[in-house]
Amino acid sequence: MTEASGSRRWWALAALALAMLATGLDSTVLTVALPTLARDLHASTSQLQWFSGAYTLVLAAVLLPAGAAGDRVGRKRLLLAGLVIFAAASVWCAYCGSAGALIAARAALGLGAAVMMPLSLAVLPSIFPDRDERARAFTIWVTSTAVGLPLGPILGGWLLEHFWWGAVFLINVPLVLVGGAAVAALVPESRSPDKVFLDPPGAVLSSLGLLALTFGFIQAGQDGWGNPVAWVMITAGIAALTGFTVWQHRAAHPLIDLRLFASRWFSWGTIFATTVSFGLFGLLFAVPQFFQAVDGASPLGTGIRLLPMIGGLLVGTRAAAPVVRKSGARPVLAAGFILLAAGLGLGASSSRSTGYSLTATWIILVGAGLGTVLPAAMNAALAELPPGRAGSGSALITALRQAGGTIGVAVLGTVLSSGYHTALGQLDRPPVSDSVFAGVAAMRSPGHPGAVASVQSAFTHGMDLMLATTAGICALAAVLAVIVLPRRRPADTTVVADARREGPVNAR
């Protein structure tokens with residue numbers, strides 16, 4: 001490639017990273033806006049839950065078909081369509097006048113994100129056929145998404161203090177418009193070099209399975225594991241996904257190539273990336289509540305307290321990249337999971353009176369572990385994808401990561417809730433048992449001296465159990481990384497050759 005084309009592809013990557021920053025922001029920016037939405041839209045608790053649930057459900061249902069469609073009709077074309085949907089849905093969200101309208105708008109936002117996520121990733125192999133450059137590009141892409149997660153509460157808190165609640169959605173629009181314009185100008189069109197056939201049964205089974213499974217875990221996280229609807233949906237989701245797997249083995253033109261799982265790098269890279277999402281979303285569910293209900297922080301203050309995670313993430317990303325190039329992904333993944341386990345274990349020692357210096361320390365360690373593990377795990381998996389299946393393969397990895405995040409909130413939320421209820425003792429009754437926010441508000445009334453401290457301590461105990469559980473999972477993942485992964489990946493000549501063979505459809 002010429003120097004100009006080399007510069008052009010890095011600008012194209014910057015455009016993709018900018019667009020993906022919006023999806024990362026949108027995953028967490030809503031957390032600090034929920035109290036305001038409850039007041040201004042007169043939203044019930046159930047409706048508040050569905051503001052997030054509608055987005056997650058549509059995202060889960062559409063990811064795999066969207067990735068396969070990009071392989072068939074053109075990844076750039078479909079990516080631009082996803083960007084347009086995401087921008088339009090963001091405006092719709094900002095100006096909704098009722099809770100029902102916002103739920104529908106959030107579903108549309110999930111549709112746009114479901115197209116953007118896998119296809120923005122799938123175009124990278126054709127832009128960066130060189131293995132080392134592609135690894136750097138994957139790292140930048142992952143970092144742009146991951147940075148948006150802790151940045152969401154910061155930006156959301158600031159916007160809520162200075163503007164109305166719709167601003168937390170409108171912030172997506174300039175990011176997506178600038179990113180979309182740059183994608184249109186800089187990203188070449190690409191699609192599978194081979195004819196891609198549609199797989200309607202596979203698309204239906206995968207969508208229904210992921211939809212039911214995600215819905216079931218959302219219900220379990222909201223209403224507890226005794227909810228029969230949750231178990232029915234989880235069972236139905238597992239049954240549909242089992243049927244999907246059987247069908248993929250028999251279909252003449254399957255939606256995804258299950259032979260990818262024969263590669264240890266793809267299988268374990270995907271598992272490790274999903275494990276990180278499992279722990280991260282659980283952490284981002286619990287820790288903001290700790291900052292607000294126990295430390296008394298404002299929405300903006302909550303976001304600022306998460307800022308060290310971004311610093312740690314950037315340091316981890318920069319430190320890990322040269323080690324991966326020199327020594328491979330295995331030591332980097334093991335070290336990253338050790339950092340995560342150490343940070344989460346330190347966080348599990350928190351108490352109601354813990355100073356912020358300790359909190360900042362363990363959040364930095366978690367950020368560094370995240371920045372170390374996630375790019376290395378994603379690149380380990382994505383480097384195994386033949387370019388002809390880049391869209392469907394990227395969608396599969398993204399779908400599993402999203403499912404891991406949803407399951408993480410449900411499972412780790414249950415650990416937190418169990419610890420909270422146990423530590424409440426005689427106070428374990430409504431409204432205190434409903435949530436730490438309801439408990440603190442109820443105990444501030446006259447006649448309950450010292451009860452606020454008891455409620456806060458009970459929540460901290462539950463959070464410590466959750467962090468300790470996540471630390472144990474990360475420690476296990478560190479051991480597995482050493483045991484199951486080979487020392488070095490073989491030279492990636494096949495993928496590079498295939499990427500050059502595919503090339504852009506409309507090379508500029």
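This is a predicted model: local features need pLDDT of at least 70, side-chain atom pairs count only at pLDDT 80 or more; totals for chains, interfaces and linings use all residues.
**Entry 1, helices H4 and H5.** I began with helix H4, residues 75-94, and helix H5, residues 99-122, and found that they pack with their axes 8 Å apart and at an angle of about 155°. Because angles over 145 degrees count as roughly antiparallel, I noted H4 and H5 as roughly antiparallel to each other. I then looked up the handedness of the crossing of H4 and H5, which is left-handed. The residues of the contact of H4 with H5 divide into 20 nonpolar, four polar and two charged.

The one I followed up joins tryptophan 268 and phenylalanine 272, whose rings are 5.6 Å apart centre to centre with 40° between the planes, so that the pair is classed as tilted. Both tryptophan 268 and phenylalanine 272 lie in helix H12, residues 264-294, where they are four residues apart, about one turn of the helix. I also checked the accessibility of the two partners: tryptophan 268 is partly exposed, with a relative accessible area of 21%, whereas phenylalanine 272 is buried, with a relative accessible area of 1%. Since buried means under 20%, the value of 21% leaves tryptophan 268 in the partly exposed class. Extending the search from this pair, I recorded that Trp268, Phe272 and Phe337 form one aromatic cluster.

I next took helix H9, residues 172-186, which has 15 residues and reaches 21 Å from its first C-alpha to its last, close to the 21 Å expected at 1.5 Å a residue. I listed its buried residues as Asn172, Val173, Leu175, Val176, Gly179, Gly180, Ala182 and Val183.

Which of these did I look at further?

Is the peptide bond from proline 430 to proline 431 cis or trans? I found this bond to be cis, with omega near 0°. As for its setting, I placed proline 431 in the loop between helix H17, residues 390-424, and helix H18, residues 436-443.

Definitions and conventions: Residues are numbered from 1 along each chain as its sequence is written. Side-chain values use heavy atoms; hydrogens and water are left out. Axes are lines fitted to C-alpha atoms, for helices over the stretch in contact, and angles run from 0 to 180 degrees between N-to-C directions. Helices (H or I, at least four residues) and strands (E, at least two) are DSSP runs, numbered from the N terminus. Angles under 35 degrees count as roughly parallel, over 145 as roughly antiparallel, 65 to 115 as roughly perpendicular and the rest as oblique. A crossing is left-handed if the near helix is turned anticlockwise from the far one by less than a right angle, and right-handed if clockwise. Ala, Val, Leu, Ile, Met, Phe, Trp, Tyr, Cys and Pro count as nonpolar, Asp, Glu, Lys and Arg as charged, and the others, Gly among them, as polar. Rings of Phe, Tyr and Trp (its six-membered ring) pair if their centres lie within 6.5 Å; planes under 30 degrees apart count as stacked, over 60 as edge-to-face and the rest as tilted. Buried means under 20% relative accessible area, exposed over 50%, partly exposed in between (1.4 Å probe, protein chains only). The expected span of a helix is 1.5 Å times one less than its number of residues.
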